[in-house]
2 protein chains.
Amino acid sequence: MATHKVVLQPSGLTLEAPTGALVAEAIQQAGLELAQPCGGQGRCGRCAVLVEGGARRRSSLRLSSEDVQAGYALACQTVIEGDLTITIPEQEKIERRMVTDKAAARIGLPFPYSSDLQGVHAFRLSLPEPNLQDNTDDLTRLSKGLALAGYSQVEVPLGLIRRMGETLRQSEWSPWVALELRSWSRPDGPPRLLDLRADPIEPLGLAIDIGTTTVSLHLVNLSSGEVIETAAEYNSQIAFGEDVISRIIYASKNDGLSSLTQRVHQTLAMLLERIQKRTGVGGDQILKAVVSGNTTMIHLFLGIPPAPIRVAPYIPTVNLPGLYLAGEIGLPINPQAVVDCLPGVASYVGSDISAGVLACDLATTDQLTLFIDVGTNGEIALGTRDWLVTCACSAGPAFEGAGVVDGMRATEGAIEEVWVNSTSYEPTYRVIGGGKPRGICGSGLISLLAELFVTGVIDRAGGVKLDLETRRVRQGEHGPEYVVAWGAETETGKDLVLTKVDVDNLLRAKAAIYAGFTVLASSVGVNLANVEQVLVGGSFGKYINVEKAVQIGLLPDLPWDRFHFLGNTSLQGTYMALLSLDQRQLLAQIARQMTYIELSADNNFYDAFTAAMFLPHTEIARFPSVAEVWERNGAQEPVASGGDPKS
Amino acid sequence: MATHKVVLQPSGLTLEAPTGALVAEAIQQAGLELAQPCGGQGRCGRCAVLVEGGARRRSSLRLSSEDVQAGYALACQTVIEGDLTITIPEQEKIERRMVTDKAAARIGLPFPYSSDLQGVHAFRLSLPEPNLQDNTDDLTRLSKGLALAGYSQVEVPLGLIRRMGETLRQSEWSPWVALELRSWSRPDGPPRLLDLRADPIEPLGLAIDIGTTTVSLHLVNLSSGEVIETAAEYNSQIAFGEDVISRIIYASKNDGLSSLTQRVHQTLAMLLERIQKRTGVGGDQILKAVVSGNTTMIHLFLGIPPAPIRVAPYIPTVNLPGLYLAGEIGLPINPQAVVDCLPGVASYVGSDISAGVLACDLATTDQLTLFIDVGTNGEIALGTRDWLVTCACSAGPAFEGAGVVDGMRATEGAIEEVWVNSTSYEPTYRVIGGGKPRGICGSGLISLLAELFVTGVIDRAGGVKLDLETRRVRQGEHGPEYVVAWGAETETGKDLVLTKVDVDNLLRAKAAIYAGFTVLASSVGVNLANVEQVLVGGSFGKYINVEKAVQIGLLPDLPWDRFHFLGNTSLQGTYMALLSLDQRQLLAQIARQMTYIELSADNNFYDAFTAAMFLPHTEIARFPSVAEVWERNGAQEPVASGGDPKS
């Protein structure tokens, strides 16, 4: 057997390797470390290296076409066939590349808004000091000064008149003013005074996404577009029900509505306090807010009874809210700030989806696009710039880390990705922030479920196989469970587990979403195989692993390069509408043009949902790439394509 | 001596009377009753009778020229010189004539507003019921319905959206709506939804006058102009100071501003409760409010710190407030109702005076007019349609019955007019409502002070003569006092008195006002004798007796037919502005055009004030008609014209 010369960079080590040896084996032979958390199964992509010379790639799973083009290969899946040079990148470089590759979160990237700012303008104004001859009142003096600066007939709210006398005198008649120059509701109206201070004013705004489970926001500099800070937290309404239906029911009880309204305002107040601690920016300095959310969340935020949303013919009170003042709503920012709740489409497709469609450029694309926003309410849009249909389905909060024993939000301490060794069943995981784990976030749960499935720890119906030779699988308090991290490794000192109940929750969530887009597609006669791009949004943190989402049957089995994970698209679209009047108007147009399809009136949905309650699906033939991996890893229970594994 | 035949009607009695007998003597001779509370001095006007035939009028004091023309004469001042017929009117007819004659309160009179209504319109709207096909949201459905009815792009406030779902369904999709069609700040703007109900809506508004001492309001039907109810009460801020300066000082203390703001809102809430008890109209049914008041009162009502008003250069924060919502201000009416605080002129000439000028037609007259609004702050305007100067002076609350031991507002139980017999010093009084007296209101105090002065009970410096032969004058708890009503006659069972301290308060009040208009007139070179009409406003109840106001030196000594008492002109102008956009705009123009003259910077004012601290004035020659009456009644201390009685 021929041997070949292998040079390892950056160490410069050289060795001989026979034809047919794996690159991974050569690296290990040289005594170098190489991460292989999946056990050399070509599933995790963590052993990616640069290869120049004689080598054959057996599989390039987890590598993007750009990476392959650049010379990357998976060490565990690449066979040596000639002399070659192998460059082992630093581990963190791989991580960074994998993240940015899959997660095209555009937050903070250059954004063309300057020409059409919604227009909050702050500047210092010089006024003549009054005397016994020039003794006009403060308000008239200020109005004259603003008119001289080019802003005539400025509307001044009572709240600012109340502190005008003191501020003008404190500032020695040179106050800072903030004006709202225009808004979508009155593009040609007179300017409005938003703030008046003796100290300098910076024009700051908030983009807020109110999810059923998670509330997220950006603090934004309205003149530069910079995202100064981001924060997210569970919606504390969660104590009164996990999904929108239970919230609506709660809202119909005595004081239920005001409790729910208070809860979401408390959550926002907490996030604003957190932002203040980190940045020093107080709520009263925030001069504008744009808010997205599903229709029920927006009703509750505004204190509007949501009851009619739940009963046929499912009529919300408002899809297109007007502009209201923060003080009127009770949002603890500058009480004069305008709060713009973005337009939604129908009772179950809210402004989170219209903002998402804006953010993912679906309204301007020629490509047939499937957009899936994975949240407690899964919302789906399908179409092109010329037509758009949309629907919603209730997934539950599992993908947001809620309703799962060791679930948590995608913040520091969350396990966000897991690999399970096919033979030892030992896990390797990555923790956000790099410290000890505290729980598992949505992307971690998807990853963990996929790994447990393809390694055979969990069967296709979600059953945990208790007879495997590993301590990781055991009978726990809540039934069978898999231990992801032993107490000794965790921050809390307790084992982190995934229980059978958790698995069932995850199955229901993914089944609802899969059923949603398949029924939507078939209702308009679209074959999913013809979808040119699949855009995935959700508040998962930095990214979800598309491969694993396909493996559990959450996403359709299409070529990977058709998938793009866009992060929290609702928040992203809200951010765009906050900055740009043009984008705000485009969003309104999107909301008007989307055709809503009511799944609850469709029996096909329930059939599709039931069929999707398996891993990856009752008909495994719908997921050929998954079937291949699963069988290669030693599927213990092969099932005929199209058959029901339980039958 | 010749005798004459005298026929008395309506009794038909006939008798003989000699030449030179008084008509009053003839009536008494016939055994008929005739009211002569002043003791036959020709001062009270209560003995007015119709006289046809041979008679000579010695004096027609208290009779208008129309009354004289119609044949009325004072029985005590009319000498028989030939045969004659005397008709004794019913007592109540005299009262009514005297009141309407002197008090041209125009409230409730026809008022030409219909062509230019500020425009609150209420009607019932029919909407199509939603179904699964026609499933647009409630707000869009309502907006479409309004557009079909001719009102497009109606602005809908959040407060109404909050109850929209329930109201539309309760009304079975035929709700009542109230729209504000236009307002001065946006005559061409889109309509605004004010109310939405399942029950019929009547368009109701409030005209509010916030005085330093008294708060008055009218509940008005905005489509008919009818004043449905009127109510007035002391401003409960009075506990924190009697005049605007002490209120401003109080407002500068910790929480002082919010206490004062709360107090005036509490007073308004109490008045609204009273109105609700009487009419059944709840605050939430009131869809518009227009408010006048002096500049400090408006600042406190709106929660604006008034401190700069008090210090040179005397700059208020706002003379021309915008339109604010009731909910924002805290006025307990429909929170969506617009509250329009009328425009003022300067720190000490507020919208009470601009509303008063509107109400008294001063802005459209060719006659040289002196307008005096007697309140805690006396406000004065002088001019014609072509020019107007204005000033203010602090009179204190005495004329509103406050700060006086037995003072009260002009409501049921208040003594509103007093006559004192010149020889017995016994009083006769008229009580509002006709029952037992509880106190003395402003007009009663003016009347009492004048009577005590002309009958010699009080000297020109305000001293009470304790040596008179009457039990009415005595040394009381608070010094010398005159007993107007014994405890046996009063509702409280306690004596009602006027003390020396009260007299001093009244003297200061009248001196401030007299000094105000005399200095104002001389500052623009106007001789008061050339003033063609003197218009007097104030919240005195139905009227003040002009004669007596002249006797105490509150008003200048001009022919009586130049005086017109107009009642609460501030409230009247506010009512006009509530109903009519044209009147509202005229009022704004009045406020812009008035020239304010600051008396506090004028030493002449203090000199004039000091000179006016006597009855009627240091220079009695300024009041020839008063000097005549006073001397006829037996002046005990004639003083050389122009001299100081104390020197």
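1. A:Lys548 is buried, with a relative accessibility of 0%. This is a predicted model, and the value is computed from its atoms. A:Lys548 forms a salt bridge with A:Glu417, and the closest N and O atoms are 3.3 Å apart. The two residues come from distant parts of the chain: A:Lys548 is in helix H14 (residues 546-551) of chain A and A:Glu417 is in strand E18 of chain A, 131 residues apart. A:Glu417 is also buried, because its relative accessible area is 1% and the cut-off for buried is under 20%.

2. The pair belongs to a network. Salt bridges link A:Glu416, A:Glu417, A:Arg430, A:Glu451 and A:Lys548. Over all chains, the structure holds 44 salt bridges.

3. Which sheet contains strand E18 of chain A? It is an open sheet of 3 strands in the order E19-E18-E20 (chain A), with mixed pairing. Strand E19 (427-431) and strand E20 (439-440) of chain A are at the edges with a single partner strand each, so one side of each has no neighbour in the sheet. Strand E18 (residues 414-420) of chain A pairs with E20(A) in the parallel sense, over 2 bridges. A:Gly439 in E20(A) is the bridge partner of A:Ala414. Helix H12 (residues 442-454) of chain A packs on this sheet and touches E18 and E20 of chain A; the direction of the helix makes about 15° with that of E18(A).

4. Another open sheet of chain A has 3 strands in the order E6-E7-E8, and its pairing is antiparallel. Here the edges are strand E6 (120-124) and strand E8 (192-197) of chain A; each has a single partner strand, so one side of each is left without a neighbour in the sheet. From one strand to the next the twist averages 20°. Strand E7 (residues 176-180) of chain A is joined to E8(A) by 5 bridges, and the two run antiparallel. A:Leu196 in E8(A) is the bridge partner of A:Val177. Helix H4 (residues 138-148) of chain A packs on the sheet, touching E6, E7 and E8 of chain A, and its direction makes about 70° with that of E7(A).

5. The side chains of A:Arg169 and A:Asp138 meet at 2.9 Å, N to O. Are the two partners buried or exposed? A:Asp138 is buried at 0% relative accessibility, whereas A:Arg169 is partly exposed, with a relative accessible area of 30%.

6. In chain B, B:Asp495 forms a salt bridge with B:Arg474, with the closest N and O atoms 3.0 Å apart. B:Asp495 lies in the loop between strand E22 (479-485) and strand E23 (496-499) of chain B, and B:Arg474 lies in strand E21 (residues 473-476) of chain B, so the pair ties together parts that are 21 residues apart in sequence. B:Asp495 is partly exposed, with a relative accessible area of 27%, and B:Arg474 is partly exposed at 27%.

7. Strand E12 (residues 286-293) of chain B is largely enclosed by the rest of the structure, because 8 of its 8 residues are buried. Strand E9 (residues 204-210) of chain B runs parallel to E12(B) and is joined to it by 7 bridges; B:Ile210 stands opposite B:Gly293. E12(B) is also joined to strand E14 (residues 338-341) of chain B, in parallel, by 4 bridges, and B:Val291 stands opposite B:Cys341.

8. How are the two chains related? Chain B superposes on chain A by a rotation of 180° with 0.0 Å of shift along the axis, at an RMSD of 0.1 Å. That is the relation of a two-fold axis. The same surface serves both copies, as 100% of the contact residues of chain B recur in chain A. Among the residues of chain B, B:Glu328 comes closest to the rotation axis, with its C-alpha at 4.2 Å.

9. The contact takes 34 residues from chain B and 35 residues from chain A. The area buried between the chains is about 2,800 Å², and carbon and sulfur atoms give 62% of that. The count of salt bridges between chain B and chain A is 0.

Key:
Residues numbered from 1 in each chain as written. Chains lettered and ligands numbered in written order. Predicted model: local features only at pLDDT ≥ 70, side-chain atom pairs only at ≥ 80, totals over all residues. Heavy atoms only, no water. Pairing = 2+ DSSP bridges. Contact = heavy atoms within 4.5 Å. Axes fitted to C-alpha atoms, helices over the stretch in contact; angles between N-to-C directions. Least-squares fit on C-alpha atoms with pLDDT ≥ 70 in both. Buried area = accessible area lost by both parts, 1.4 Å probe. Salt bridge = Lys/Arg side-chain N within 4 Å of Asp/Glu carboxyl O. Buried < 20%, exposed > 50% of the residue type's maximum accessible area, 1.4 Å probe, protein only.
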